[in-house]
Each structure stands twice: as C-alpha cells, then as structure tokens.
Amino acid sequence: MDEPAFRRCSGLGGVRCYLLPPAAATNSTNLSSEQLYMSGGFIRMMWRRIRLLGDILKHGYSFIFTDMDVMWLRNPFPSLNRTEEEDLLISTDGFKGRPEDYLGHELNTRFFFVAASNRTAAMFDEWHAAREASEGMKEQDVLNQMKQQGAFRRLGVRVRVLDTARFSGFCQDSQDARQVATVHANCCRTMRAKVADLKAVLGAAKQLNGTTGRLKWPRHSACLGSWRK
C-alpha cells in the first residue's frame with residue numbers, strides 16, 4: 001500500500017512484492033498511515049484490497065489472504081484440511097461447532113483461503129460491485145450480507161468456516177495452543193495494542209516449545225484498553 005511496506009517486502013529476499021500504484025490507491029486517499037477501525041480510510045482501504053484480490057483470482061492464482069495482524073505460529077496449510085471441492089475456507093470471530101454452517105457464523109475476512117475458479121472470480125466481482133450500494137459498510141459486513149441473501153448458493157461457491165481451535169483470535173482464544181496455526185488480533189482497535197498483545201502471545205507460545213503441557217494465553221490487556229476513549 002505504500003513505499004516503506006514495499007521496501008520492507010523487497011528486502012526479505014525471494015518474495016514477490018507488488019506496490020499498489022498511488023493513482024489507484026482508493027480515491028487519492030493517503031493509506032500509508034494507520035487507518036483506525038471503521039474510519040473512512042479504513043473502509044476505503046478494505047474495498048481497494050478486494051479489487052486487487054479479485055484481479056489475482058482472475059490470473060488463476062489460489063491463495064491464502066492474511067491481514068498483518070494475523071500471526072502465524074506454524075504453517076497453516078496442513079491445518080486447512082481442504083478438499084478439492086471447497087472454494088472458500090474463511091475465519092470467524094466465534095466458532096459455533098459446525099464448519100459447514102456458514103450461514104450461522106459471522107465470517108471474518110482477515111484470514112481466508114480461496115481457490116481460483118470462475119465461481120470465486122464472479123463472487124469477488126459481485127462483492128466489489130456491492131460497495132456502491134453499501135456506503136459506510138466495510139467489505140466484511142457486505143460479504144456477510146451477501147451470504148444471507150444466498151449469493152454463495154447462487155454462484156455455486158462452496159464455503160467452510162475455519163474453527164478457532166486452529167485459527168484462533170483474541171475474540172475467542174483456542175483452548176489448545178498446540179493446535180493453533182494462526183492468531184488474529186481481532187476485537188482490538190489500534191495498531192499499538194495489537195502489536196503489544198501479539199508479542200505477549202508469541203512469548204507464551206515460545207514457552208510451550210512442543211511440550212505436551214497446556215498453555216494459558218495471556219490476557220489481551222492492551223486490546224481491551226484500546227476501546228476506551
């Protein structure tokens with residue numbers, strides 16, 4: 001989204017990086033600084049991202065999308081357990097025990113796997129087009145609205161919800177840290193709070209270090225405090 005992020009990505013070595021052209025960066029809004037949750041800049045950034053991801057699908061690439069506030073503790077691909085018939089595997093803030101019941105879950109678009117196909121490309125096109133009639137709504141809310149209106153069924157997109165036992169988050173901590181592939185700093189408002197609490201989680205995960213013991217996640221104190229005015 002900006003030059004510093006692009007330079008950091010390019011310096012990692014062996015990573016393919018793409019700098020979003022400034023002219024395309026969402027109505028000329030400067031997105032290089034922190035965009036607070038549900039601010040105008042935050043919403044515009046989310047919609048620009050959906051357009052980019054849709055373009056990637058049209059080039060035939062299947063991919064995992066992960067937000068910067070999703071920390072990977074291990075390779076998530078084995079934990080996906082994807083079958084060839086599944087098009088979209090997507091996270092949720094609160095898992096209710098039935099992964100096939102996407103209608104009964106609030107989908108979270110900060111971590112998902114999507115398989116490239118005509119079905120998923122059409123879904124992303126429809127999703128991005130829906131922004132015109134969804135002023136003030138973030139892209140995640142619009143996808144959940146589309147879900148309830150039968151868009152997945154109509155387009156033939158096969159969806160499974162990822163359980164929080166393996167794809168955990170601050171909204172609903174996993175009860176077994178040994179299973180956890182990713183941790184999302186959700187239910188949190190500021191970048192500073194997310195970084196502080198993710199560091200605490202990483203420190204706790206390092207203590208586990210492959211043992212058979214159970215790990216108690218630290219309290220997400222910084223994120224709890226981020227909602228106070």
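I began with Cys188 and Cys223, which form a disulfide with their sulfur atoms 2.1 Å apart; a disulfide here is a pair of cysteine sulfur atoms within 2.5 Å. Cys188 lies in the loop between β7 and α7 and Cys223 in helix α8 (residues 221-225), so the pair ties together parts that are 35 residues apart in sequence. Helices (H or I, at least four residues) and strands (E, at least two) are DSSP runs, numbered from the N terminus. I noted a torsion of about -80° about the S-S bond of Cys188 and Cys223, so this disulfide is left-handed. Both Cys188 and Cys223 are buried. Buried means under 20% relative accessible area, exposed over 50%, and partly exposed in between (1.4 Å probe, protein chains only).

A reminder to myself: this is a predicted model, where local features need pLDDT of at least 70 and side-chain atom pairs count only at pLDDT 80 or more, while totals for chains, interfaces and linings use all residues. Residues are numbered from 1 along each chain as its sequence is written, and side-chain values use heavy atoms, with hydrogens and water left out.

**The other bonds**

How many disulfides does a search of the whole structure find? I got three. Cys171 and Cys187 form one of them, with their sulfur atoms 1.8 Å apart. Cys171 sits in the loop between β6 (167-169) and β7 (182-184), and Cys187 in the loop between β7 and α7 (191-208), so this pair ties together parts 16 residues apart in sequence. The link of Cys171 and Cys187 is right-handed, with 105° about the S-S bond. I found Cys171 partly exposed at 29% relative accessible area, and Cys187 partly exposed at 45%.

Cys9 is joined to Cys17 by a disulfide, S to S 2.1 Å. Their link is left-handed, with -90° about the S-S bond. With the bonded cysteines of the chain numbered in sequence order, I wrote the pairing down as 1-2, 3-4, 5-6.

**Asp69**

Next I looked up Asp69, in the loop between β1 (63-66) and β2 (70-72). Is Asp69 buried or exposed? Asp69 is buried, with a relative accessible area of 13%. I saw that its side chain makes polar contacts with the side chains of His184 (3.3 Å) and Lys194 (2.6 Å). A polar contact is a pair of N or O atoms within 3.5 Å; within protein, one must be able to donate a hydrogen and the other to accept it, and residues adjacent in sequence count only if both atoms are side-chain atoms.
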